[in-house]
Amino acid sequence: MSSMQQVLAAGPPVLVKAPRQPPSRRRLRGSDFRWAIAFVLPYAAVFFVFVVYPFGYALWMAGRPSLYAELIADRSYLPTVVNTLLFVGLGVNVKMFLALLLSGFFLRRRWWIRALLGVFVLPWVIAAAQACVSFHWMLQGQGLVNGLLSAMLGIDGPVWFNDRWLALGWNIIVYIWKWMPFWTVIFLAARMKIPHEIYDAAEVDGATGTRRFVYVTFPLLANLYLLCTLLSTLWTVGDFTTVYLVSGGGPGGSTEVLATLGFHYAFDTARPALGVAAVLSALPVLIPVVILLMRRLETSEVEL
């Protein structure tokens with residue numbers, strides 16, 4: 001027997017403790033279980049009535065392939081898809097980029113900039129319907145916009161809603177004006193969380209002005225910027241209020257988006273199944289956006 005084995009044999013017995021088992025989860029029994037069911041059941045019922053049932057019924061209504069053949073055969077559908085892509089693509093990206101730039105402007109510690117921020121946020125505070133109706137009346141033939149053009153420049157303004165691209169452009173402008181303050185505040189809060197020491201180190205290395213934004217600020221906010229863009233895309237695809245109240249889909253339905261086209265089918269032409277199919281035709285675009293958004297949320301941490 002070796003010396004090591006002799007020492008072990010002569011020493012005191014070693015107690016080997018079994019790994020500690022995690023405590024079992026306490027199960028609700030009796031009155032606790034009944035109270036838990038009583039509290040959860042109303043929320044489950046509301047979720048089923050207002051989420052599961054409407055969405056399931058919509059899928060059932062739009063489940064016939066013939067509806068999509070009829071939809072594609074309609075001459076107004078493909079221009080509506082183009083309008084939706086332009087409205088979402090330009091509206092979301094221009095809004096996000098301007099919000100990111102303006103967040104740097106409002107970060108400055110001056111009293112008049114703080115006061116201007118309060119005025120800048122007002123479009124987001126007021127109701128969307130009121131803002132859109134106001135723009136609709138300002139863009140009429142004798143409205144505020146044409147009145148200013150006539151008084152200041154001596155020219156007669158165009159009839160904005162008689163041209164497809166002018167009307168679509170104003171839909172995008174109103175959408176950006178209404179929702180840009182919200183995302184500006186989000187980016188402003190994120191910028192305020194960046195430690196000032198990082199900017200000091202960047203300044204020592206010669207990164208100032210635009211270089212500091214490109215190499216320091218934007219990389220730190222890139223993940224948040226992407227997440228906000230994806231989330232805004234999901235919201236904007238279903239935007240109904242802006243187009244319906246600003247241009248009304250005119251002229252002749254040439255500025256309709258999928259949300260307003262579905263409303264037109266469902267209520268103006270009494271074809272609700274076709275209306276649901278028009279709205280659900282955006283799912284091939286929305287599903288990848290949702291998957292990408294979920295993956296980014298799982299793999300990254302977003303701090304404001």
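This is a predicted model: local features need pLDDT of at least 70, side-chain atom pairs count only at pLDDT 80 or more; totals for chains, interfaces and linings use all residues.
A pocket is an open set of grid points with protein on both sides within 12 Å along at least five of seven lines.

**Exercise 1. The largest pocket**

Task: Find how much space lies in the largest pocket, and which residues are closest to its centre.

Solution: 
- Start with the volume: the largest pocket holds about 550 Å³ of space.
- Next, the lining. It has 19 residues, and Gly104, Leu107, Arg191, Tyr199 and Arg212 are the closest to the centre.
- Now place the lining on the chain. Helix 4 (77–105), helix 5 (111–120), helix 9 (164–192), helix 10 (196–204) and helix 11 (210–237) each give at least two residues.
- Helix 11 supplies the largest share, four residues.
- Finish with the classes: 10 nonpolar, five polar and four charged.

**Exercise 2. Two helices in contact**

Task: Decide how helix 13 (residues 258–268) runs relative to helix 14 (residues 272–280).

Solution: 
- Take the axes. They come within 7 Å and cross at roughly 170°.
- Angles over 145 degrees count as roughly antiparallel, so helix 13 is roughly antiparallel to helix 14.
- List the contact. Helix 13 brings Leu258, Gly262, Tyr265 and Ala266; helix 14 brings Pro272, Leu274, Gly275, Ala278 and Val279.
- Sort these residues: seven are nonpolar, two are polar and none is charged.

**Exercise 3. An aromatic pair**

Task: Classify the pair formed by Phe135 and Trp170.

Solution: 
- The structure holds 20 aromatic pairs.
- Planes under 30 degrees apart count as stacked, and over 60 as edge-to-face.
- Locate the partners. Phe135 sits in helix 7 (residues 128–138) and Trp170 in helix 9, 35 residues apart, linking distant parts of the chain.

Terms used. Residues are numbered from 1 along each chain as its sequence is written. Side-chain values use heavy atoms; hydrogens and water are left out. On a 1 Å grid over the protein atoms alone, a cavity is a set of points where a 1.4 Å probe fits but cannot get out, and a pocket is an open set with protein on both sides within 12 Å along at least five of seven lines; lining residues have an atom within 4 Å of a point. Grid points are joined across faces, edges and corners, and a volume is the space filled by probe spheres set on the points. Ala, Val, Leu, Ile, Met, Phe, Trp, Tyr, Cys and Pro count as nonpolar, Asp, Glu, Lys and Arg as charged, and the others, Gly among them, as polar. Axes are lines fitted to C-alpha atoms, for helices over the stretch in contact, and angles run from 0 to 180 degrees between N-to-C directions. Angles under 35 degrees count as roughly parallel, over 145 as roughly antiparallel, 65 to 115 as roughly perpendicular and the rest as oblique. Contact means heavy atoms within 4.5 Å. Rings of Phe, Tyr and Trp (its six-membered ring) pair if their centres lie within 6.5 Å; planes under 30 degrees apart count as stacked, over 60 as edge-to-face and the rest as tilted.
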